[in-house]
Amino acid sequence: MEKKVTYEMYQPSEMANFMNAMYAYNLQVKNQIIAGETPVAMPLDLMTLHSAEMTEGKGRTRAWNSFVNVFITSQQKVIDTMSNLQLKERHNAAINNCLSCHKTECVGPIPKIKKLLIQ
Ligand code: HEC
């Protein structure tokens, strides 16, 4: 008898990949700030948040739309050398905006994202 085995390959969505890239970037920024360095580059195109395909079942809900631009602005401010707010505060503000959206749109990664905050 023939036995059929099918493997469900986990295919991360374009958005999931981008989220992981944002995570990696912000971990690097956190480490730079702790080391007393000033991050000056933001290599990710944040407009991808408006265009990337999402995992089935996820979508750009009203909550998503209300959080996304607030987040983008705060993420851009981290490398704004003209800002008179402390670097650490700007970084934590961006991460808290990741968390605001995640509280309704995708709760799973919240513990991981919290680790990006600088105490
Ligand atoms: C506007 C809402 C929103 C913001 C802001 C946001 N996320 Fe997400 N995040 C989501 C949604 C929705 C998903 C699920 C995407 C999917 O599966 O297609 C997700 C997924 C993730 C994942 C899981 C990816 C995977 O492998 O499945 C991580 C990690 C993540 N986000 C980290 C972050 C970090 C770090 C930030 C801030 C730098 C951030 N997110 C900002 C809504 C948001």
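How many residues surround the ligand, and which are the closest? In this predicted model, in which residues are numbered from 1 along each chain as its sequence is written, local features need pLDDT of at least 70 and side-chain atom pairs count only at pLDDT 80 or more, while totals for chains, interfaces and linings use all residues. Side-chain values use heavy atoms, with hydrogens and water left out.

The ligand is surrounded by 25 residues, the closest being Met-19, Thr-55, Cys-98, Cys-101 and His-102; a residue is near a molecule if one of its heavy atoms lies within 4 Å of it. This shell divides into 16 nonpolar, 7 polar and 2 charged residues, where Ala, Val, Leu, Ile, Met, Phe, Trp, Tyr, Cys and Pro count as nonpolar, Asp, Glu, Lys and Arg as charged, and the others, Gly among them, as polar.

At least two shell residues come from each of helix H1 (14-34), helix H3 (62-77) and helix H4 (87-105). H1 gives the most, with 7 residues. Helices are DSSP runs (H or I, at least four residues), numbered from the N terminus.

| Side chain | Ligand atom | Distance |
|---|---|---|
| Ser-13 | oxygen | 2.7 Å |
| Thr-55 | oxygen | 2.5 Å |
| His-102 | nitrogen | 2.7 Å |

The largest nonpolar core has 27 residues, of which Leu-46, Leu-49, Phe-71 and Ile-95 touch the most other members. Such a core is a set of buried Ala, Val, Leu, Ile, Met, Phe, Trp, Tyr and Cys residues joined through side-chain atoms within 4.5 Å, buried meaning under 20% relative accessible area (1.4 Å probe, protein chains only). H1, H3, H4 and helix H5 (110-114) each supply at least two residues of this core.

Key. A polar contact is a pair of N or O atoms within 3.5 Å; within protein, one must be able to donate a hydrogen and the other to accept it, and residues adjacent in sequence count only if both atoms are side-chain atoms. Buried means under 20% relative accessible area, exposed over 50%, partly exposed in between (1.4 Å probe, protein chains only).
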